[in-house]
Amino acid sequence: MMEGLSRAAARNIFLGGSLFFFVVFVALTAHSHWYIVTQSTDHAGLTESVKHGKEVWEEHSCINCHTLLGEGAYFGPELGNVWVRYGGPDSPEGARAGIKAWMQIQPTGIPGRRQMPNFDLTDAELDALVDFFEWMSRINTQGWPPHVAG
Amino acid sequence: MKYQTQKVAYPFFVMALVLFAAQVIFGTMAGLVYVMPEFLSEAMPFHIMRMSHTNLLIVWLLIGFFGATYYLLPEETENEIYSPTLAYLQLAIFVFAGAAALIGYQFGIHEGRHYLEQPVWVKVLLTISFLMFLFNASLTVLKGRKTAISVVLMLGLWLAAIFWLFAFYTPDNMSLDKMYWWYIVHIWVEGVWELIMASLLGFLLIKMTGVDREVIEKWLYVIVGLALFTGLLGTGHHYYWIGTPGYWQPIGGFFSALEVLPFFAMVVFAFYMFWRGRRNHPNQAAVLWTLGTVVMAFFGAGVWGFMHTLSFINFYTHGTQITAAHGHLAFFGAYVMLNLAIISYAMPHLRGMQPYNQILNMWSFWIMTSAMAFMTFALTFAGVVQTHLQRVMGMSFMEVQDQLQLFYVFRLGAGIAVVIGVALFLYAMFGPARTQVPASAAQAPAGG
């Protein structure tokens, strides 16, 4: 097999081809960067509260139980659209109160049900987290997820 | 062992396997939580178990790669390791940082991006250790013979370190955060780590089949070429639904569908070389792991990846148990088994013995491999049911999870079997050496 190909030729194809695809990849991600900042996300609407909400999200490593836009652990529900699931677009106050109340009653202690720890978040942290979820829900995700169930 | 400094690899392999054992224990505990949700829910919540499980995996695989590099470089470059002291120091820093992260996690000290939960100072230590390793290994290559195997291996390791630097960049915009996060995670496991895998495989095949280096190295370039030609733009299959442009759907789908090619080429490569070599190598356990890793990587990374990589399928399967199934078999097949192959091959040399405890080692191979296959099937079935109920029918997440209980019990059983397989492997490697070399191979040349 591959008698017609010399080792040096194989090496040059590998190096040249990889460099080519790397350049294309970087160019496309550079364009994607521009697209994210200007088109698909509310970059200008990254308020201090949304940024703080992202920090709360990270500090408690929510991603190791939940998914966010489908990435993360698969132990808890998807949260990229949790704002929509709580009816946020129609009733922002109700959704905010609902999400905060849900966080505060954890762990439910219901036998046989997965338990979420109570992270003892302050009211300001909870509000920031909800602002972060609201911001996430407005990302143009090409229509994903297929159902509001996430 | 031809070169004194190859023994540097020994403590690396010991540490790698100890952390491997810890990894599967954390994994089994997390699997138990799926079946008994109250298990340690206060003392060690699920997210702590999971980050311990995934971090240990990455840390031990890297330590295994470091050890493998120190083992093969003297033979490839035909000179001693530049500085064994630096190697030991580098290992100590890496293990200290990894252990500190792991212990910190149990007290809730962690950061938030998955797989990158290590506190910043731990990341800095890991980077320093990695750079010390690269310095040491690169100087070893520079002062000796430069083979395709050592050059491709070093290229893979350098690129792994360079892309790791994105771990220090956390944009406020979550879409950007996710896009660059994949610069590390995808480009490692579906890109530059494949360079490491292919070159380690090439080394094993040269040693165990006796086929000409010229032939092996040509294959090596073709495989790593296929890996990067498909894997770089294949990153696009993570850019479907995170706020990135729609053109990633055709581009990511096309190139990532082709990501199966380098893994298929590795299967052909390994089996063809053993067929062509016709040498009956005395270390049959290492041969088994070597052939096993290409087969399981092909199924885990190649076939299971292909299964849900096209955007119109991924739209429904993204972030379900299908992903978990693929992740488990891909990591096991490609990188866990590769490390175990290298360790099985190198340990007799490092302990100054003929190949030993091979039957036990092969038992551990079959137990671990079949258990991982079973786990993958269980999670795949769970994922198919989940995809249908949740993504097609629109049932809520927790209702759907209740329907998957049986599969999670299967997965837990498979996890326990993996732990047993790992225990057998550790005993086969470090326990008393009993039978050395099978009878059929007693007259065959030992060959490296």
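Let me start with surface. Chain A has an accessible surface of about 6,800 Å², and 61% of that belongs to carbon and sulfur atoms. For chain B the accessible surface is about 14,800 Å², with 73% belonging to carbon and sulfur atoms. These areas come from the Shrake-Rupley method with a 1.4 Å probe, and for residues only the protein chains shown count as cover.

A word on conventions. This is a predicted model, in which local features need pLDDT of at least 70 and side-chain atom pairs count only at pLDDT 80 or more, while totals for chains, interfaces and linings use all residues. Residues are numbered from 1 along each chain as its sequence is written, chains are lettered from A and ligands numbered from 1 in the order in which they are written, and side-chain values use heavy atoms, with hydrogens and water left out.

Chain A, then. Its secondary structure comes to five helices and two strands, where helices (H or I, at least four residues) and strands (E, at least two) are DSSP runs numbered from the N terminus. Read from the N terminus, the order is α-α-β-β-α-α-α. The radius of gyration of chain A is 22 Å, well over the 15 Å that the globule rule gives for 150 residues, so chain A is more spread out than a compact globule. That radius is taken over C-alpha atoms, and the rule is 2.2 Å times the number of residues to the power 0.38. Along the principal axes, the C-alpha atoms of chain A fill a box of roughly 70 × 40 × 30 Å.

Of the 150 residues of chain A, 48% count as buried. Buried means under 20% relative accessible area, exposed means over 50%, and partly exposed lies in between, with a 1.4 Å probe and protein chains only. Taking contacts in chain A between residues at least 6 apart in sequence, 52% join residues at least 24 apart; a contact here means heavy atoms within 4.5 Å.

On charge, chain A carries 10 positive and 16 negative side chains, and the centres of the two sets lie 9 Å apart. Lys and Arg count as positive and Asp and Glu as negative, with His and the chain ends not counted. Each charge is placed at NZ of Lys, CZ of Arg, CG of Asp or CD of Glu.

Now chain B. It has 15 helices and zero strands. Its radius of gyration is 21 Å, close to the 22 Å that the globule rule gives for 448 residues, so chain B is as compact as a globular protein of that length. The C-alpha box for chain B, along the principal axes, is roughly 65 × 45 × 40 Å. Of its 448 residues, 67% count as buried. For contacts in chain B between residues at least 6 apart in sequence, 84% join residues at least 24 apart. The 19 positive and 18 negative charges of chain B have mean positions 12 Å apart.

Next, the core. Which residues have the most contacts inside the largest nonpolar core? They are A:Trp57, B:Trp188 and B:Trp193, in a core of 196 residues. Such a core is a set of buried Ala, Val, Leu, Ile, Met, Phe, Trp, Tyr and Cys residues joined through side-chain atoms within 4.5 Å. Helix H6 of chain B, residues 174–209, gives the most to this core, with 25 residues. Beyond its neighbours within four places in sequence, A:Trp57 has contacts that include A:Leu129, A:Phe132, A:Phe133 and, from the other chain, B:Met174.

Leaving aside neighbours within four places, B:Ile196 is in contact with B:Phe65, B:Leu153, B:Gly156 and B:Leu157. B:Gly191 also has its place in H6, and is buried with a relative accessible area of 4%. Its C-alpha is 8.6 Å from that of B:Gly156, 35 residues away in sequence.

B:Ser129, in helix H4, residues 120–142, counts as buried at 0% relative accessibility. Outside four places in sequence, B:Ser129 is in contact with B:Gln90, B:Ile93 and B:Phe94. B:Val287 lies in helix H10, residues 284–307, and is buried at 10% relative accessible area. With the same exclusion of neighbours within four places, B:Val287 is in contact with B:Met208, B:Phe274 and B:His281. B:Val287 and B:Met208 are 79 residues apart in sequence, with their C-alpha atoms 7.5 Å apart.
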